[in-house]
Amino acid sequence: MPEFEQSRRFWRRVKPWLKWFFPGLLIKRWLFVSATGVLLTILGLAILANLTPVQYIFQLLKLLISALASIIPSYVSGVGAVVFGVVLIAWGQSRSLGSLTEIFDVKSNEQLVSRLMTHRRLNKGPKIVALGGGTGLSTLLRGLKEYSSNITAIVTVADDGGSSGRLRREIGVLPPGDIRNCVAALADDEEKLLSDLFQYRFESGDGLSGHSFGNLFLTAMTKLTGDLESAIAASAKVLAVRGQVLPATSSDVNLWAELTDGRIIEGESNIPHAGGKIAKVGCTPANPPALPAAIKAIHEADYIILGPGSLYTSIIPNLLVPEIRDAIAQATVPRFYVCNVMTQPGETDDYTVADHIRAIDNACGEALFDAVVVNRQSPGERALIRYAQDNSYPVFVDREEVAKLGRKIIAANIIDQNIQTGYLRHNSQRLARVLVQECYENYQENFGMTA
C-alpha cells in the first residue's frame, strides 16, 4: 500500500505537465517547430564561428558541420541555417500564439498580448482599500480597477430597505444589495453581459418584482456555501472580478440614529425620513466583529479611501466596527475621504465639508483620514434647480474650518452632470485618477499608472 500511495502521489504531481502532450491542443507541434528553429540557429552560429568546444561536446554537430563545410562554404551554410532557424522560431511562436488566441477568446495576437500586459500591470498595482456602501462606492471602484487588481472593497451590511431588506427579513441573510453593486463594478469589462445579468432587476412576478438577479444569486450562494464571504468569492470568479469585496462584518447589524430632539430612529432606511438632525449613530449589536480578511487588507494597504456615499448610512456604519476603525487609525499610509457634492435630505442638511469631517471624527473618537477630496466645479443651473426640489444643495467647501481640522483639501472636477435631467454623479475615471495621482505625486511610488 505505501508504494501504491507513493506512486499515486507522483502521478498526481506529474499529470498537469503531461496534459500538455495530449493530442488536439494545437500547441505541441508549434513548440516543436520553435525548438527546431532554436537548434538550427545555434548550429548556424556554430558553423559561422567555428566553435570547436561545441564540436567536442556534440559529436553529431561536429560531423554535420564538417560535412556541410566540405560541400558548402561555411559563410553560406551558416547564414542559411541561422535564417531558416529564425524563420522556424517566428512561425512556431506565431502559431502557438494563434492557438492561445482561440483558447482565450480574443480576436488577434495583438489583443492577447494587450490583455496579458494589462493583467501584469494591474497585478503590480497598489493595494487599495475602499470603504462605503450604496452607489457611491461602486462608482469609485469602476475607476480604480483601471489602475490595480489589488483592490479590497469593504461594504456596509446595515441596509434594510428594498430588495436587500426583503431578503434579509424573509430568508435571514445579510443584505446583498450594496455588495452586488461593488462586485458588478469590479467585474472585468470583457464579462459585461454577465455583469448586466447580475444587475438585472425583475419588474413583475409574485415575489420576484423588485428583486435583482444578483441579490437572489448571492442569497442562494450564501445558503449553499454557508456564509456571505464565500458566496461573494464564488460570484467574483464567475464575473472575473479585479480584487475582492468583503462585508464589514458577518453579524446581523441594525443601524439606529439619535436625533437632536431626543428621538431614536431604528433602521437604516428609516433614518433619512425621520425629519430631524442626527446627533449620533450606532448599531445593534454594538461593536460587531470584523472579518479577518478585511483587517488584513487594511494592514497591507498602500492607501485607504472612505466614500463617496451617504455619510450616516454608508460611510460611518463601516466605522462602527471597532477593529476596522482601529486598523485605519493605526495605518501610516495615505488615507482619503471623498466628500459628497450635494447635501442629503434627512442626513446632512446644511452640512459643509467640515461638518462631514466632524461627523466622522465624532463617530470614531479620532481623526481617521489625512485629506478630503471635494468637487471644484459648481454644479450647473439645471442641477441646482433639480436638487433644490428635494431640498438638496451643494456642499460648501469651508476651507478655513477644514484647515483647522488638520485636513488637506484636494479639489478637482470629479462629477458628471446630465444636461437633460440635471442629475449628478461622481465620474469614476476622473475620481480614481485624482486619488492615484495624488498618492503618486506625494509619495513617489510608481503604481504603473496610465494617463
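Biologist: Between which two elements does the loop that holds P285 lie?
Modeller: In this predicted model, the peptide bond that joins T284 to P285 is cis, with omega of about -5°. Residue T284 belongs to the strand that spans 278-284. The loop that holds P285 lies between that strand, β6, and the helix that spans 292-300, α13.

Biologist: What is the omega of the peptide bond from G307 to P308?
Modeller: P308 is also placed in a loop, between β7 (303-306) and α14 (311-319). The peptide bond that leads from G307 into P308 is cis, and its omega is near 0°.

Biologist: Is A240 buried or exposed, or does it fall in between?
Modeller: The place of A240 is in the loop between α12 (228-239) and β3 (244-247). Its phi is positive, near 55°, although the residue is not a glycine. Buried requires under 20% relative accessible area and exposed requires over 50%. The relative accessibility of A240 is 31%, so the residue counts as partly exposed.

Biologist: What is the phi of N391?
Modeller: N391 is found in the loop between α17 (381-388) and α18 (399-404). Because its relative accessibility is 48%, N391 counts as partly exposed. The residue is not a glycine, yet its phi is positive, at about 60°.

Biologist: With which side chain does the side chain of R168 make a polar contact?
Modeller: R168 is placed in helix α8, which covers residues 162-171. At 9% relative accessibility it is below the 20% limit, and therefore R168 counts as buried. Residues up to four places away in sequence aside, R168 touches a set of residues that includes V157, D159, P175 and N254. At a distance of 2.8 Å, the polar contact of the R168 side chain is with the side chain of D252.

Biologist: How many disulfides does a search of the whole structure find?
Modeller: C182 is buried, with a relative accessible area of 0%. C339 is buried as well, with a relative accessible area of 1%. A disulfide requires a pair of cysteine sulfur atoms within 2.5 Å. For the whole structure, the number of disulfides that the search finds is 0.

Biologist: Which element gives the most to the lining of the largest pocket?
Modeller: The largest pocket has a volume of about 900 Å³. The elements that give two or more residues to its lining are α7 (134-144), α9 (177-186), α14, α17 and β12 (424-426). With 4 residues, the element that gives the most is α7.

Biologist: Which residues of the lining lie nearest the centre of the largest pocket?
Modeller: The lining of the largest pocket holds 10 nonpolar, 17 polar and 7 charged residues. In total, 34 residues line the pocket. Those that lie nearest its centre are T135, S310, Q344, Y423 and R425.

Biologist: How do the residues that line the largest cavity divide by class, and how many of them are charged?
Modeller: The search of the whole structure finds 1 cavity of 30 Å³ or more, and about 70 Å³ of space lies in the largest cavity. Among the residues that line it are V157, A158, T249, L255, C283 and P317. The lining divides into 10 nonpolar residues, 2 polar residues and no charged residues.

Conventions:
Residues numbered from 1 in each chain as written. Predicted model: local features only at pLDDT ≥ 70, side-chain atom pairs only at ≥ 80, totals over all residues. Heavy atoms only, no water. Buried < 20%, exposed > 50% of the residue type's maximum accessible area, 1.4 Å probe, protein only. Polar contact = N/O pair within 3.5 Å; in protein donor to acceptor, adjacent residues only side chain to side chain. Contact = heavy atoms within 4.5 Å. 1 Å grid on protein atoms, 1.4 Å probe; cavity = no way out; pocket = protein on both sides within 12 Å on 5 of 7 lines; lining within 4 Å. Points joined across faces, edges and corners; volume = space filled by probe spheres on them. Nonpolar A, V, L, I, M, F, W, Y, C, P; charged D, E, K, R; others polar.
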